[in-house]
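Visitor: Hello! Could you take me through one part of this model slowly, the salt bridges, and then show me what surrounds them?

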Amino acid sequence: MADFLNSLVGSIDPYMLQILVNVGIAIVLALGLNVITGLTGQLSLGHAAFMSIGAFTSAMVTIKTGLPFFANLAVTGVVTAIVAAMIGFPILRLTGDYLAICTLGFAEIVKVFFLNFEPTNKALGLTVPQAKTSIPMPIYVWVVAILAIILVTFVQNSRFGRALKAIREDEIAADAMGINTARYKIQAFALGSFLAGIGGGLYAHFLSYINPSDFGFLKSVDILAMVVLGGLGSVPGAVIGSSVLASAPEFLRFMSQYRMLVYGALLVFLMVFRPNGLLGGVNVTELLLRAVGRKPAGK
Amino acid sequence: MFLQQLVNGVALGSVYALIALGYTMVYGIITLINFAHGEIFMAGAFIGLLLVSAFKVNVFVAMAGAMVFCMLMGVIIELIAYRPLRKSSRLSALISAIGVSIFLSSLALMVFGADAKGFPDGAFPVRQIKVGTADISTLQILIIGVSAVLMMALEFIVQKTKIGKAMRATSEDYNTSALMGINVNRVISFTFALGSALAAAGGVLVGVLFNAVSFNMGLMAGLKAFAAAVLGGIGSIPGAMLGGLLLGVSEVFGVAIGYSSYRDAIAFTILVLVLLVKPTGLLGQKITKKV
């Protein structure tokens, strides 16, 4: 099995493979933020902080223990979710832009913490040993990405997901309807951070080197841009948004020195012409049902 | 020691306050966090540097030139990147602002290179003045003085002039103001021009103070100034001044008592703590002061 997977991965052009892995990790991260910002409507500018907590936790677990990689990722996700819940408890009382700046501030604090944290080599960064698994990393990343897509789709259509959407649309009304908004918001925050942590763990083991400065404000913004570009609250949107933006810098590489210039202009351009994101307001299930000639339920 | 650090803190804080005013005014009118504001600050510093080193002009002339340039820049950015998005969701406008910010900082990287540039020697004659136990440089006096003058000018414009009245009305109610015959587009352009001019002045002052101008100086300064605006209560002009001073002073004191490696976290820790106690910022309730 492992041999077969290895040869499968070996047959793909390494450059393409790297782009594919970047996209896979971006999907996991974007889906996490999609739960927090897209589904629950809580603007977070600090998603990279949870990614960094995940990356460092996962790296330390690999260094200190002999856990197999899937158990490592599970531990990482749970640790990140617990940290997120502890932080979410006080700060999710804030709303709108005050919450946004608070998450941003928190992300900066986490970054500076890791920059001064002795066990993870401070600002020098950490070299991550190989993950304990016989499955090649790219396959691992994509399996996790597909599991994340299934998980978030399932959550979105569940009772829990509907409660989150109610909070997004009108928090006061949701509260009046008997939804425990504080609890749901913290749970959504923890779930989103769980995915961020796992994304961070994958990132750490794929790159095999992590530095606190990699998880700064711009990283958070990157992930947010993926979610908004795809269309808030849409799982296919998050997938498309992350595919476009995670591969854009690579496809723009031929104009190497103008790359970030074009990337910035591209963000503005996309927003001006498609302000609700590529799939914003598009109901994909409905489209699929139409395509096969069936009327969507309730119409 | 205490007095010395206090002066250092007030000098740094008044620059934060200058930048924060731009955030707070724009937010007050169109509820947009203008993430490109930090890059306007950076552009101001570069234009000032260019004027001083290439055209050998006085620092004050350079500052005026930078302010005029950045005013234009702010207006153009609003026109291209924000105006088409005024009716769409606030997050789209936010992403657009971030796009502008990435665009401008990479443009600066291409044009001016990656290394920090300093102002030429003697761009501003620095002398030390002894006040009690503290050594106060003329540079610090310049920074505090210029900031104070600019803030008073802003307060005058907002409170006493016709366009200031229009700004206050627009921030109170966008649609009604338009119905009352206020040219809302012009008011918004004016707000951007005003905020950008203040940021440019801040950029030149910081460039002279630290003697370093670089393409990525806008990011951290912008984030901290934004934190200052939120700390004071976003949308409130006195709040932005108070927040800026508070963050500047606490950062300098934090470094002075030995937390220099935590420098960038100090401002944000204070911000998070204050918001937990007072969720709309220090002067957040004063909606009548909102601009």
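Guide: Happy to! A salt bridge here is a side-chain nitrogen of Lys or Arg within 4 Å of a carboxyl oxygen of Asp or Glu. Please keep in mind that this is a predicted model.

Let's begin with a pair in chain B. Asp115(B) forms a salt bridge with Lys117(B), and their closest N and O atoms are 3.5 Å apart. That distance falls inside the limit, so the pair counts, because the rule asks for a nitrogen within 4 Å of a carboxyl oxygen. Is Asp115(B) buried or exposed? Asp115(B) counts as exposed, because its relative accessibility is 53% and exposed means over 50%.

The side chains of Arg168(A) and Glu169(A) meet in a salt bridge, with 3.1 Å from N to O. Glu169(A) counts as exposed because its relative accessibility is 58%, while Arg168(A), with a relative accessible area of 31%, is partly exposed.

Now turn to a pair in another setting. Glu251(B) and Lys224(B) also join their side chains in a salt bridge, 3.3 Å from N to O. This pair links distant parts of the chain: Glu251(B) sits in helix α10 (residues 237-256) of chain B and Lys224(B) in helix α9 of chain B, 27 residues apart. Both Glu251(B) and Lys224(B) are buried. They also belong to a network of salt bridges that links Lys224(B), Glu251(B), Arg263(B) and Asp264(B). Over all chains, the count comes to eleven salt bridges.

How many salt bridges are there between chain B and chain A? The count there is zero. On the side of chain B that touches chain A, the elements that give two or more residues are α3 (59-82), α4 (90-112), α9 (217-232) and α11 (263-277) of chain B. Of these, α4(B) gives the most, with 14 residues. By class, that side of chain B has 31 nonpolar, ten polar and two charged residues.

In all, 43 residues of chain B are in contact with 37 residues of chain A. The area buried between the chains is about 3400 Å², and carbon and sulfur atoms give 82% of that area.

Not counting residues up to four places away in sequence, Leu202(A) touches several residues, among them Ile25(A), Phe69(A), Met137(A) and Val144(A).

One last stop is Met42(B), which lies in helix α2 (residues 37-55) of chain B. Met42(B) counts as buried because its relative accessibility is 2%. Met42(B) and Gly203(B) are 161 residues apart in sequence, yet their C-alpha atoms are 5.9 Å apart in space. Leaving aside neighbours within four places in sequence, the contacts of Met42(B) include Leu104(B), Ala108(B), Phe215(B) and Met217(B).

Conventions
Residues numbered from 1 in each chain as written. Chains lettered and ligands numbered in written order. Predicted model: local features only at pLDDT ≥ 70, side-chain atom pairs only at ≥ 80, totals over all residues. Heavy atoms only, no water. Contact = heavy atoms within 4.5 Å. Buried area = accessible area lost by both parts, 1.4 Å probe. Helix = DSSP H or I, 4+ residues; strand = E, 2+ residues; numbered from the N terminus. Nonpolar A, V, L, I, M, F, W, Y, C, P; charged D, E, K, R; others polar. Buried < 20%, exposed > 50% of the residue type's maximum accessible area, 1.4 Å probe, protein only.
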